[in-house]
Amino acid sequence: MINLGIDIGGSATKGALVDTKTGLLVSERVRFETKPLEKPKVIINLIEKIRKELDYKGPIGAGYPGIVKSGIAFSAANVHKDFIHSNIAELIQNKTGQPTVVINDADAAGLAEMRFGVQDAKNYHVVMFLTVGTGIGSAIFVDGKMIPNTELGHLLVGKKEAEHYASDAARRADKLSWKSWGKRFTEVLQTYEFLLNPDLFILGGGLSARYDSYSKYLKNSTKTIPAKLENTAGIVGAAMAAHEAFSEPN
């Protein structure tokens with residue numbers, strides 16, 4: 001089954017067609033950069049532009065950077081506050097004319113990675129999947145089952161939220177070397193270790209492709225590996241959500 005997956009981010013909105021049986025992208029990845037804190041209408045229009053560019057009709061899945069319940073946003077991390085309490089799924093469906101499901105973006109990426117990425121991830125009792133980019137997103141899996149909307153990037157590490165302290169955006173804003181950033185990110189991982197005792201960290205998002213640049217500076221105790229799907233996981237997971245939400249039961 002081919003479905004359209006959309007990844008709504010703080011700096012870009014991206015989409016591609018995905019074969020949800022294999023997790024492979026079967027189209028080009030269409031990406032539109034956005035200004036900080038774009039209003040919902042702008043993002044919704046970009047999603048329709050992606051759909052048209054890919055000449056797609058059918059169920060759409062979208063990953064949104066915040067808490068999402070039944071398609072409604074309850075927080076807005078790195079996107080405009082007007083998203084809060086809006087039914088994003090309904091907005092996309094009304095604009096595109098296609099059935100739509102929306103879930104948390106890190107949850108989407110984590111689902112994809114658990115199914116198609118790290119092959120032995122389900123052998124671990126507690127897995128923490130983290131997206132590291134404009135912010136820090138989290139998805140937690142216990143015996144392969146996800147706890148949705150964890151949003152642990154907003155947990156305080158010292159006096160700052162984790163994502164304001166050690167996201168890739170923070171690294172670039174503070175002009176940190178990989179060594180200095182690795183020290184900060186180690187503090188984040190150690191905080192999660194103390195509170196949640198995970199058995200495995202999987203690092204996804206934009207920095208997953210740069211893992212070799214900073215891995216030697218991570219000093220946490222839990223096994224830590226890069227995501228296999230790198231920065232396409234959010235798109236794949238969103239497409240998976242669309243397939244599962246709208247496919248006919250066997």
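Biologist: Which residue forms a salt bridge with lysine 14?

Modeller: That's aspartate 7, and the closest N and O atoms of the pair are 3.8 Å apart. Keep in mind that this is a predicted model.

Biologist: Okay. Is lysine 14 buried or exposed?

Modeller: Lysine 14 is buried, because its relative accessible area is 8% and anything under 20% gets that label.

Biologist: How many salt bridges does the structure hold?

Modeller: There are 9 salt bridges in the structure. One of them joins the side chains of glutamate 48 and arginine 51, at 2.7 Å from N to O.

Biologist: Where do glutamate 48 and arginine 51 lie?

Modeller: Both are in helix α1, 3 residues apart, and that's about one turn of the helix.

Biologist: What does glutamate 48 do with lysine 52?

Modeller: Their side chains meet in a salt bridge, with 3.9 Å from N to O. Glutamate 48 and lysine 52 are both in α1 as well, 4 residues apart, so again about one turn of the helix. Lysine 52 is exposed, though, because its relative accessible area is 56% and the cut-off for exposed is over 50%.

Biologist: Which residues end up in one network there?

Modeller: Glu48, Arg51 and Lys52 do, joined by salt bridges that share partners.

Biologist: Let's switch to the helices. At what angle do α1 and α2 pack?

Modeller: Helix α1 covers residues 40-53 and helix α2 covers residues 88-96, and they pack at an angle of about 50 degrees, with their axes 9 Å apart. That angle makes α1 oblique to α2.

Biologist: Left-handed or right-handed crossing?

Modeller: The crossing of α1 and α2 is right-handed.

Biologist: And which residues meet where α1 touches α2?

Modeller: From α1 you get Ile44, Asn45, Ile47, Glu48 and Arg51. On the α2 side they meet Ile88, Leu91, Ile92, Lys95 and Thr96.

Biologist: How many nonpolar, polar and charged residues does that contact have?

Modeller: The contact of α1 with α2 has 5 nonpolar, 2 polar and 3 charged residues.

Conventions:
Residues are numbered from 1 along each chain as its sequence is written. This is a predicted model: local features need pLDDT of at least 70, side-chain atom pairs count only at pLDDT 80 or more; totals for chains, interfaces and linings use all residues. Side-chain values use heavy atoms; hydrogens and water are left out. Axes are lines fitted to C-alpha atoms, for helices over the stretch in contact, and angles run from 0 to 180 degrees between N-to-C directions. Helices (H or I, at least four residues) and strands (E, at least two) are DSSP runs, numbered from the N terminus. Angles under 35 degrees count as roughly parallel, over 145 as roughly antiparallel, 65 to 115 as roughly perpendicular and the rest as oblique. A crossing is left-handed if the near helix is turned anticlockwise from the far one by less than a right angle, and right-handed if clockwise. Contact means heavy atoms within 4.5 Å. Ala, Val, Leu, Ile, Met, Phe, Trp, Tyr, Cys and Pro count as nonpolar, Asp, Glu, Lys and Arg as charged, and the others, Gly among them, as polar. A salt bridge is a side-chain nitrogen of Lys or Arg within 4 Å of a carboxyl oxygen of Asp or Glu. Buried means under 20% relative accessible area, exposed over 50%, partly exposed in between (1.4 Å probe, protein chains only).
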